[in-house]
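Have a look at the chains first, then read on.

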4 protein chains.
Amino acid sequence: MFNVAVIGASGYTGAQLVSLISGHPQMSLQHVLVSENSQDAGKTIAQLHGNLAHLTQHVLEPLAPHRLAELANAMDAVFLATPHEASHDWMAELSAGKAKVFDLSGAFRLKDTEVFAKHYGFAHTSEACLEQAVYGLAEYNSEAIKQADIVAVPGCYPTASLLALKPLFNAGVLDESVRPIVNAVSGVSGAGRKASLGTSFYEVSLQAYGVLGHRHTPEIESHLGTPVIFTPHLGNFKRGILATVTVKLKSGTSQTALDKLYSDVYGEQPVVRLRESFPKIDDVAHTPYCDLHWKVDEQSGYAVITSAIDNVMKGAASQAMQCANLALGLAATEGLIHG
Amino acid sequence: MFNVAVIGASGYTGAQLVSLISGHPQMSLQHVLVSENSQDAGKTIAQLHGNLAHLTQHVLEPLAPHRLAELANAMDAVFLATPHEASHDWMAELSAGKAKVFDLSGAFRLKDTEVFAKHYGFAHTSEACLEQAVYGLAEYNSEAIKQADIVAVPGCYPTASLLALKPLFNAGVLDESVRPIVNAVSGVSGAGRKASLGTSFYEVSLQAYGVLGHRHTPEIESHLGTPVIFTPHLGNFKRGILATVTVKLKSGTSQTALDKLYSDVYGEQPVVRLRESFPKIDDVAHTPYCDLHWKVDEQSGYAVITSAIDNVMKGAASQAMQCANLALGLAATEGLIHG
Amino acid sequence: MFNVAVIGASGYTGAQLVSLISGHPQMSLQHVLVSENSQDAGKTIAQLHGNLAHLTQHVLEPLAPHRLAELANAMDAVFLATPHEASHDWMAELSAGKAKVFDLSGAFRLKDTEVFAKHYGFAHTSEACLEQAVYGLAEYNSEAIKQADIVAVPGCYPTASLLALKPLFNAGVLDESVRPIVNAVSGVSGAGRKASLGTSFYEVSLQAYGVLGHRHTPEIESHLGTPVIFTPHLGNFKRGILATVTVKLKSGTSQTALDKLYSDVYGEQPVVRLRESFPKIDDVAHTPYCDLHWKVDEQSGYAVITSAIDNVMKGAASQAMQCANLALGLAATEGLIHG
Amino acid sequence: MFNVAVIGASGYTGAQLVSLISGHPQMSLQHVLVSENSQDAGKTIAQLHGNLAHLTQHVLEPLAPHRLAELANAMDAVFLATPHEASHDWMAELSAGKAKVFDLSGAFRLKDTEVFAKHYGFAHTSEACLEQAVYGLAEYNSEAIKQADIVAVPGCYPTASLLALKPLFNAGVLDESVRPIVNAVSGVSGAGRKASLGTSFYEVSLQAYGVLGHRHTPEIESHLGTPVIFTPHLGNFKRGILATVTVKLKSGTSQTALDKLYSDVYGEQPVVRLRESFPKIDDVAHTPYCDLHWKVDEQSGYAVITSAIDNVMKGAASQAMQCANLALGLAATEGLIHG
């Protein structure tokens, strides 16, 4: 059994990690932690998250600074479901011991520190860790993840976008005179667990935000290799992202060619499901899957691909778990797929 | 044209009042006000409430204390969509002039100040106003409302509950050995416009609250005349209340008797619709109507009545407007029913 | 008072028309009709549509063939909220009298009968009517609508799309080497009032459909003047469309230029609201408005515009009413805007 | 490994069973069947239920009559997620072999065939099976279930209601002069997977139905032991039931007494969670749990208990699995609780 800790267990992603670890046959949840001054310290996971009401044994511990080194040495894996700043500040110490660290924040996803500073609002000074960090898109970087001590788990929108786009870009079939257009709609859990007028029930209704300036744009671009136009939207549902991707293909690229391409790339991947029709959010909600479907208009050369994930799962917790499984030498889907 | 002001126009009820007044053929909206220190002062109604984006001419004014007397003398009607404490504190001054005041808070609904203090958490010291205040359940108190200077507009749950129960109680057909059981589900707008974890989109899901202790219980009881068991629930929708009322009838009370009773009481009432089947929330959402339907089990003597209203309309703004219409000598539904 | 009939009053659009006409100060609803064999014939509007429970006086009449000529001569306006085939078949007779006809189906929106046949599945043989029909996009064709006997009321997606795109295309600022990409999400009412597994509550969840082949694509293209890529989605809400439009602008087109352009085109239009931020569906639900906002990325030359309408209102019934008002010599928004 | 078949796998409950069996460590899914004339025969489970898109190996077989005996002899367990009539007609043959049969219809839940005929609309003629059938409320009948060849899996509303009420009735603390009042709201999946106007997305909105006449009333009454007033409602969500139960307690019954009572009855039960506050639907959605909380008004003697389950899980599939586990000699929660 591997000893595991979750830091930031009061949020939706943290709670999902706790749930996954509790059901994992080879992990033992040793610590669930919250920030040192959190009002949630001392409560059980069950008190915060009604769906985990049976997990009364896990008490949220405050993360005093001296705990970092302790966790680094005592744990096999630490999951950071924390704000960007916290992950940034704690990574050096956390990753100095035997524990492999899986960071679900945005702190270690962008190698370019100028771009980082512009989009995250603070300077990146954890440069050694940043260099070391492996981008945890499990379907592409599994060998690096297996060796990694620090994994930057991809953002939710980038996961949905990259799984749709990378096969096309890598195969060289994109007509680069037209930028890929990614329109994505996310459930409200993407905004995190907090009181906010913008995510209050009465206020939520389909709406674009972060237009032409969202921080996931450089994440998509840097891990894809070409610029995109990315427009996120808030949707009136709790979990899930549907990304609708429109691309112009190089002249002569057929439907059959794309069918073969996606099948070649993902045919053996356990959590990417190549669908026979366009997926809906509910097909993937509460699951670790990414569902893909595509259609080519051979006359115009445009193609539309839609990509559906659960933002809390494949967009965060279950992808982190895929990475942890790989890094710990287990099957990628251990503890993720029960039926 | 009657000159009208709305105090507390940043909330959902205030915005609904602004919308109703803007469409009212005989009212002119002179002032929209917020509390003196509100960050919303200086903004337009349009900036706060996207659905009123065309109302760019109304700027939210801060309510400095000296404005109370000014409004009292210059306005024909003032609507108070304010916290209980504010209504309580301002009423004496506001009601001292020519303006008739329509208070949508709970400050003047309970005549018993001991019960008030227990449920509202502060002592009632505006006793002259409290004595003067008329309970604005328009279907029952229209004569008093016409003469009133202060109208305490009923709460949302009491409106739905009383419209279902008063015909039965007044006709003496309730078997008082069994308390009427009111189970009601309210949309999230009932909780007001504010950032709160409990009303955030991800958290909202059908749930009972305020069980056996909600402050609307004494309001229902005192305006009905007999004790009830009232259990409110938060529902996953934006507007509306459905109250399901179960009562035991005196032996021998038939379905036909209830049919006749409701028809006699409400047949001529313009906003109570006696339905041929059990109403749903959407039947009344965005409308001033209360929809009622009932069924008697003649064997057991129990009956079930359901009552549906829009909590922001008949449960607040449109009921306040019914009262204002009556008090200003207009038809009760002026500005409320267009089609 | 103008005498008015609605054919197809059992559906959502028909019911909305009935509601609008009932509240219209200069229209008198004479007849509400359904198809000759409809099981709804003989019922009241109130029985079918709970939200219109007070409209018990309107009984649905079966439309026997001989009624067409009668309606054509007796009515001032007839609204057709009927299937494409029915509108197609009945138009010649209906438009032969004094009545002006407002068709909410797709039967008379495409002038090219080959394209029509491909997308609607039957041959267009009502060619004289087709030639005569005016496309009822009120913000663009008001002079023609005033003179028209037949108005083809635009589809819901085309309305949202064209109001966003036409200012750009007409001003010549689009870089035509990149097709405008329209991603739109519609509420379920867009699918009509009928029993269907695909629109059952449990099944609905955000999903693309009609990808690269929806019949609204040629409608947008023919009334815009350039090809587009249009991807519709079904969303988990009842009413509303949000269209997110991505375009490439000609080099050097600035944010300021677009601000001025939209303001010049729509500044005086009563139901287009130029917003200060990206609109959400709820801003326009149950209203006749189209809300627009846009942002330009001056570096890349791409721009994103979002356009929000209520599909049952500006996407159907209220737009039909704008057209009827114009054709009958009234103000365009008569009976549409109350507050 | 136990060999298992699911009959009626095209519906929501059938699909949930398939999912549970696929993840069960000691069951092997041998057959998934639909009715002989179903249009779904020949499709995979994956084609019907998008969330099971990875289960492409299971093809729906048509259930020809001769298959009943074959299944009865070859399977260890057969789940019937079929209409009442089908379960009724097939049970004798299905239960004649080695297979234990778990029927999720209402066919074998009521021992009184007169009451059955009145509520189900057909005469019960499978009397031997009816006598043999054990009511599968696992928390109460586990010993009988272990021995049973036929288990009548309880209805969704009865499960939620009985788990709340049986501790009170069995302990003799109910004041029987007042009937227990059960108000329950169910998600739309309770209506099954079919095209129907009443469950179409646009039409669904909180509404009472089956008032004073629902067929689950006699099921609750017969397995509780005393009459109740049961009012079901359709809610605007996909999964879950919240039952709000109001009872009058015998004089002097305290909060403490109820706390102890529920703790004594359910303290060791693995899927009943005694909560510290009133549960919400989302706490139990997609889980096998029943969450309970209660409050006593010691002055009036009334108490309110709320009970939350997922209607597709504890109200159907996971309860059937609890029964199957018991009947096959496994731990009750095998394959149900992963974390």
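1. Ground rules. This is a predicted model, where local features need pLDDT of at least 70, side-chain atom pairs count only at pLDDT 80 or more, and totals for chains, interfaces and linings use all residues. Residues are numbered from 1 along each chain as its sequence is written, chains are lettered from A and ligands numbered from 1 in the order in which they are written, and side-chain values use heavy atoms, with hydrogens and water left out.

2. Chains A and C. Start here: 36 residues of chain A are in contact with 36 residues of chain C (contact means heavy atoms within 4.5 Å). Together the two chains bury about 3,100 Å², with 60% of that on carbon and sulfur atoms. Buried area is the accessible area (1.4 Å probe) that two parts lose on being put together, summed over both. On the chain A side, A:Leu206, A:Leu212 and A:Lys280 supply 19% of the area buried against chain C, more than any other three residues.

3. Two salt bridges are counted here, a salt bridge being a side-chain nitrogen of Lys or Arg within 4 Å of a carboxyl oxygen of Asp or Glu. C:Lys280 makes one with A:Glu203, and the closest N and O atoms are 3.1 Å apart. As for the side of chain A that touches chain C, its residues split into 19 nonpolar, eleven polar and six charged. For those classes, Ala, Val, Leu, Ile, Met, Phe, Trp, Tyr, Cys and Pro count as nonpolar, Asp, Glu, Lys and Arg as charged, and the others, Gly among them, as polar.

4. Chains A and B. What does chain A do with chain B? Here 19 residues of chain A are in contact with 19 of chain B, and the pair buries about 1,800 Å², 65% of it on carbon and sulfur atoms. A:Phe201, A:Tyr202 and A:Lys238 supply 46% of what chain A buries against chain B, more than any other three residues. The salt-bridge count between these chains is two. A:Arg193 forms a salt bridge with B:Glu203, where the closest N and O atoms are 3.9 Å apart. The side of chain A that touches chain B has eight nonpolar, six polar and five charged residues.

5. The cores. The largest nonpolar core has 41 residues, and A:Val6, A:Leu17, A:Val18, A:Ile21, A:Ile45, A:Phe79 and A:Phe102 touch the most other members. Such a core is a set of buried Ala, Val, Leu, Ile, Met, Phe, Trp, Tyr and Cys residues joined through side-chain atoms within 4.5 Å. Its largest share, nine residues, comes from α12(A). Leaving out residues up to four places away in sequence, A:Val18 touches several residues, including A:Val6, A:Leu29 and A:Ile45. A second, separate core of 40 residues includes B:Val18, B:Leu29, B:Leu328 and B:Ala332.

6. A loop in chain D. D:Ser277 sits in the loop between β12 (272-274) and α11 (281-284) of chain D; helices (H or I, at least four residues) and strands (E, at least two) are DSSP runs, numbered from the N terminus. Its relative accessible area is 37%, which makes D:Ser277 partly exposed (buried means under 20%, exposed over 50%, partly exposed in between, with a 1.4 Å probe and protein chains only). The C-alpha atoms of D:Ser277 and D:Asp291 are 9.8 Å apart, with the two residues 14 apart along the chain.
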